[in-house]
Amino acid sequence: MSTNPFTNATKQLENAAGFLNLDKNILEILKNPKRILEVSIPVKMDSGETKVFKGYRSQYNDALGPFKGGIRFHPKVNLSEVKALSAWMTWKCAVVGLPLGGGKGGVIVDPKRLSDKEMEKLSRGYVQAMKDFIGPEKDIPAPDVYTTPQMMAWMMDEFSRIKGYNIPGVVTGKPIEVGGARGRKFSTAQGGIYVLEKAVKRLKMNSEKTTVAIQGFGNAGSFIAKILSALGYNIVAISDSKGGIVRDNNRAIEAGFPIGSPASERAKHSLDIKDVIKFKKETGSVVGFPGTKTITNEQLLKLDVDVLIPAALENVITEKNASRIKAKLIIELANGPITPEADLKLEKKGIIVVPDILANAGGVIVSYFEWVQNLQNYYWTEKENISKLKTIIEKSFDEVWGKKECLNISMRLAAYVVAVERVARAEKLRRGL
Ligand code: NAD
């Protein structure tokens, strides 16, 4: 069993290549990142001491367009993870038909230990270190785990300062005031909703009665929880890095919701997501939310729910726990939450997995709109962005579902077949292979 993300990403590519009978010369190109950058970023800390942080950027493939992908700030960032994430970005942009390639960045840092001033210096330092390799025509970073719109504003400002004029198209995921796209902040979740609703219909599930567990309560996880809850889905469990919570009818009543009141009726079925968001803001975690029982992140994955949404980190469903997953449908809002070995087990159990490269593509689709708007200096409304997102992601879902049905393969393999075929064709045309 491998939990090396890049080994897993390569395996996924090879599976698709085998299926497509791909020319081995093209496969050789597709298996390797085009460029890897490793930099040291010195930051003068508030204490006066200078600390040096390690940063990476993997520019995987740009056959379809400039590299595109987020920057992760996390203590566990490593080169294998960054390379895997950059490969997945390549297939993600391709499967939804964007004229973009794939890249990803990361910095080894625990952002919770840095002050705002130190975070600003680190964000600007990352851009200074990468300045010759990023830009609207080269490589366009964006937020990922523990990086925020504010940090994108600092990065855009730093790049513009270095070049001497405003270049908003160097990063996406910026605040609206400095060239961000309207709707970008919930676009990953919204894209997840569109594919989830399509899958729920195909599987003939009833959204009113559908129970959902969500792992991770950051940008992706909290927005999908909020939208699902507004649509009437029953969110029974959620988690963050400190642990998970599952609704508990008895405790909901103990928590003081009067029996028969709208609050107690709601609490019987679903967590009140608006209140959970408020609770997390006040206490720093979802754990301890009234009317719930505390569980571990591992227990959350094995709950008897209809839909499971991993929305935190990779490799959470492995060969070890795959046989105990009970959900009928998994929407991979996180990147790489299921290992290839676990994938096979889930497939045998008949669990439908909507793969990350399709399920969480909403973020990069609206990032693409942001980049287009920055280049043309003409901005669309939130409604325009979201309706264009819907058109693209639903069409991509239908394409992948069609491929899955027609070839009798898993959704992941179908998505990879569509994506790899597109990138391979571009490589072939450009290189004359
Ligand atoms: P975020 O930083 O906003 O949130 C991360 C969440 O994960 C937090 O709730 C955190 O508490 C939780 N978490 C961290 N470590 C955990 C652990 N060990 N166990 C359980 N939970 C843990 O990040 P995000 O932007 O929501 O990204 C989450 C996932 O979605 C990542 O895999 C990311 O690559 C993917 N993704 C995000 C976007 C986007 O636009 N934000 C787009 C595509 C994919």
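## Buried area between the domains

Buried area is the accessible area, taken with a 1.4 Å probe, that two parts lose on being put together, summed over both. In this predicted model, domain 1 and domain 2 bury about 870 Å² between them. Carbon and sulfur atoms carry 57% of that area.

## Domain arrangement

The domain assignment of the chain places domain 1 at residues 34-166 and domain 2 at residues 187-359. Their C-alpha centres are 29 Å apart.

Where the two domains meet, 14 residues of domain 1 are in contact with nine residues of domain 2.

## Polar and charged links

One salt bridge is counted between domain 1 and domain 2. A salt bridge joins the side chains of Arg72 and Glu314, with an N to O distance of 3.2 Å; this value falls within the 4 Å cut-off for such a pair.

Two residue pairs are in polar contact between the domains, both at pLDDT 80 or more.

## The domain 1 side

On the side of domain 1 that touches domain 2, the elements giving two or more residues are β3 (67-74) and α3 (79-95). The largest contribution to this side comes from α3, with six residues.

By class, this side of domain 1 comprises seven nonpolar residues, six charged residues and one polar residue.

Notes. Residues numbered from 1 in each chain as written. Predicted model: local features only at pLDDT ≥ 70, side-chain atom pairs only at ≥ 80, totals over all residues. Heavy atoms only, no water. Domains from an automatic or database assignment. Contact = heavy atoms within 4.5 Å. Polar contact = N/O pair within 3.5 Å; in protein donor to acceptor, adjacent residues only side chain to side chain. Helix = DSSP H or I, 4+ residues; strand = E, 2+ residues; numbered from the N terminus. Nonpolar A, V, L, I, M, F, W, Y, C, P; charged D, E, K, R; others polar.
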